Amino acid sequence: MRLAKYLAHGGVASRRASEEIIREGRVTVGGEIVTDPARDVDDASGVAVDGVAVRGAEHRVVFVVHKPAGYVSTAKDTHDRRKVTDLIPGSHGRLYPVGRLDADSTGLLLLTNDGDLAHRLTHPSFEVPKTYRVKVAKSPISQRAVERLRQGVRLDDGRTAPARVVRVSPSVLEITIHEGRKHQVKRMCEAVGHPVTSLQRIRFGPLELGDMAVGAARPLTGAEVERLRRSGV
Ligand code: URA
């Protein structure tokens, strides 16, 4: 949003008074003095007045959780099941899951109140890569099945884009895709004759699940959010 509006929303001064403050050279963006009230900024820009950081009008947060099996990736559930939002400590207003993991899937899931970011990260046109570690039935996985997954397989809603596939063991694959169709990885594996028995997301763009404990949640740092924002095309 415009710098003057950002200051006004952040409680610094009225819109008009904020324009004055900006013209007086008291405002920095990322450490540099900016005198243009129309400069486009957001919470990641690092806006300060007289050297004091301004918090955005809307305090945007992004949490990463290690989703356990049995939790649904929705903010509301009509069946009263456990929800991923239940894993977030404190109250942060409405948080929405960024994309979904099936109820029986585990792994890295993001939740945010930043609609722009959620859109950027889930819309297929931005091609943010996600990596899934899957254990499949009918071990060992044949080279032909791996090749088919790499090239793209035909599903009832169309052919999948080429995927990166690494065989970790005779029954475990790491599959990286940048689409996000419903049950996509399970359907891909099923299509090549290896139904999935467990699925965990281990990477989302630049973020790794690493050794995060199952059920744990933490807010991303500003630097992590910035890297996320830049991920994708
Ligand atoms: N693909 C699936 O099939 N399930 C998930 O939970 C995520 C990706």
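**Entry 1: conventions.** I number residues from 1 along each chain as its sequence is written. The model is predicted, so local features need pLDDT of at least 70, side-chain atom pairs count only at pLDDT 80 or more, and totals for chains, interfaces and linings use all residues, while side-chain values use heavy atoms, with hydrogens and water left out.

**Entry 2: the shell.** I looked up the residues around the ligand (a heavy atom within 4 Å) and found L101, D102, S105, Y132, H183, Q184, V185, K186 and L199. The shell lies between domain 2 (62-124 + 207-230) and domain 3 (129-204), because both give residues to it; the bounds come from an automatic or database domain assignment. Helix α5 (residues 184-191) supplies the largest share of the shell, 3 residues. I took helices (H or I, at least four residues) and strands (E, at least two) as DSSP runs, numbered from the N terminus.

**Entry 3: polar contacts.** I searched for pairs of N or O atoms within 3.5 Å. A polar side-chain atom of S105 is 2.9 Å from a ligand oxygen. On the backbone, a polar atom of H183 lies 3.2 Å from an oxygen atom of the ligand, and an N or O atom of Q184 lies 3.4 Å from one.

**Entry 4: two loops.** I noted a cis peptide bond between S139 and P140, with omega about 0°. P140 is in the loop between β8 (130-136) and α4 (143-151). D50, in the loop between β3 (47-49) and β4 (52-53), has a positive phi near 50° and is not a glycine.

Note on methods
A polar contact is a pair of N or O atoms within 3.5 Å; within protein, one must be able to donate a hydrogen and the other to accept it, and residues adjacent in sequence count only if both atoms are side-chain atoms.
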